[in-house]
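Visitor: I would like to go through this structure step by step. Where do we begin?

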Amino acid sequence: MLSSFSTNFAPLDYSQQTQQRSRWLSQITQLIAFPTISAQPKHRRDLQACAQWLARHLAELGLHNVQILPGIKGSIPSVYGDWLHAPGKPTLLLYGHYDVQPVDPLGAWQTPPFQATIIGENLYGRGASDDKGQFFIHLKAIESYLRTTGKLPLNIKVWLEGEEEISSPNLSAFLKRETSRLKADAVLVSDTEMLGRDRPSIIYGLRGNLSCELEVTGPRHDLHSGRYGGAVLNPLQGLSDIISGLHDRKGRVAIPGFYQQVRKLEPTERQTIRCCCKRDQQILDDLDLPAGWGEPGYSLYERMTIRPALTINGLAGGYTGLGSKAVIPNRSLARLSIRLVPDQDPADVAQLLQRHIQTLTHPAIRSRLKITGGARSVLLPKNHPVMTAVIKAIKQTWGVTPVFTRSGGTIPLVEQLYRRLGVPIVLLGFGLPDDNIHAPNEKISLSNFFQGIETVIQFLAEYGR
């Protein structure tokens, strides 16, 4: 525990010391080393070990009431700690998640995913940006205060979740159980990205999500393609036919009724997006793509943020090993995800998808759709004292006014927490669009990491005034 503190430095000065920065990089290296892949049951012990490491770390920072909160019905636990010794000051809940995405394809990584590696101005490793690196920014801002002044300018609660990357399936029950413990005047979440280097932004809207598993089955067992080819519909071909029927030729989602509940945007909001956000060519250049794709009538950025989208996340079936194998597999599988926008209900869209897949399924095969997760989209208020505080902090640290924008991603917590607590949620991320989150070679910019700590230090001061 940091039992002593120095009054020789202000929190901001402390955060800029080479000695502290070097130590923090060593700590985040330890954090990234835990392979906390929540989607894979074999990593359950790693998640538990990481939770214990984090609990020890919160206690060392000087937080109180530190504990590992058990998951609902044995699910992955959360970590909690608080510092509530600023009477009359607001209480801020800091949220982050310590679970990460799978690392496949492992061969595409240039450095070991769970061995944090600094190359140039970036630190590489799974979770570096999403979200271990970003919530560590919060923790180091707390340390900067407690190590120098022995107190915080406001009350703080820290909640670190372990199921975000699997769509937080137990979140509703968890929030119901922990509402009193997590109650706060505002929430800070750093699980998003900036518009670009030196272009800080505040996210006020997130898309929702519907994740599914589509299984297609055919004969009782695999068949010899020489004996049965031409007479039996290959489940892989049947799955391909279904998938090709999910979009029309223009790139719109072809599920009947899919766009019926989509809320229309005010022309002024679209104009703001056009003025402040990336142009089509910038996005294509960033991704090294010759052309865009998708729903006509919208820019690429609008398709990525304010419009719904259906994507195929993975396909499996048949033989892809060395050499050849003359086989008709008896099973094929696809994983799909649908990003939803305001007024689209995940349950309603799931019914529409189920109905459409039934019409696309050939009588010679069988299909089964399994819903594996769902979350509503959310729009957050932009006018609140906590927003004024964060805007000031960004101006002080980055020298520019942040841009309010929407994100195409989903953070299930945000919609549910906003609905349950009814308090403002600040989505202030320090990641960059090229951080490769959910992909090989994930990284975080070291300058953004340290500047993020300075920003949160300033934000805590401003909100605590």
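Visitor: This is a predicted model. How are α3 and α4 oriented to each other?
Guide: The axes of helix α3 (residues 44-61) and helix α4 (residues 132-148) cross at roughly 25 degrees. Angles under 35 degrees count as roughly parallel. Therefore the description for α3 and α4 is roughly parallel to each other.

Visitor: Which residues of α3 make the contact with α4?
Guide: The two axes come within 9 Å. On the α4 side, the contact is made by Phe135, Phe136, Leu139, Lys140, Glu143 and Leu146. On the α3 side, the residues are Trp53, Leu54, His57, Leu58 and Leu61.

Visitor: Which strands stand at the edges of the open sheet of 3 strands?
Guide: The order in this sheet is β4-β5-β18, with antiparallel pairing. An edge strand has a single partner strand, so one side of it is left without a neighbour in the sheet. The strands at the edges are β4 (117-119) and β18 (443-445).

Visitor: What is the bridge partner of Ile118 in β5?
Guide: β4 is joined to strand β5 (residues 122-124) by 3 bridges, and the two strands run antiparallel. For Ile118, the partner in β5 is Leu123.

Visitor: Which helix lies across β4, β5 and β18?
Guide: From one strand of the sheet to the next, the twist averages 25 degrees. The helix across the strands runs at about 60 degrees to β18. It is helix α14 (residues 446-463).

Visitor: What is the volume of the largest cavity?
Guide: The count comes to 2 cavities of 30 Å³ or more. The largest cavity has a lining that includes Gly71, Trp159, Glu161 and Phe174, and β6 (155-161) and α5 (171-182) each supply at least two of its lining residues. The space in the largest cavity is about 80 Å³.

Visitor: How many charged residues are in the lining of the second largest pocket?
Guide: About 170 Å³ of space lies in this pocket. Among its lining residues are Arg263, Asp343, Asp345, Arg376 and Glu415. By class, the lining has 5 nonpolar and 2 polar residues, and the number of charged residues is 5.

Definitions and conventions
Residues numbered from 1 in each chain as written. Predicted model: local features only at pLDDT ≥ 70, side-chain atom pairs only at ≥ 80, totals over all residues. Heavy atoms only, no water. Axes fitted to C-alpha atoms, helices over the stretch in contact; angles between N-to-C directions. Helix = DSSP H or I, 4+ residues; strand = E, 2+ residues; numbered from the N terminus. Parallel < 35°, antiparallel > 145°, perpendicular 65-115°, else oblique. Contact = heavy atoms within 4.5 Å. 1 Å grid on protein atoms, 1.4 Å probe; cavity = no way out; pocket = protein on both sides within 12 Å on 5 of 7 lines; lining within 4 Å. Points joined across faces, edges and corners; volume = space filled by probe spheres on them. Nonpolar A, V, L, I, M, F, W, Y, C, P; charged D, E, K, R; others polar. Pairing = 2+ DSSP bridges.
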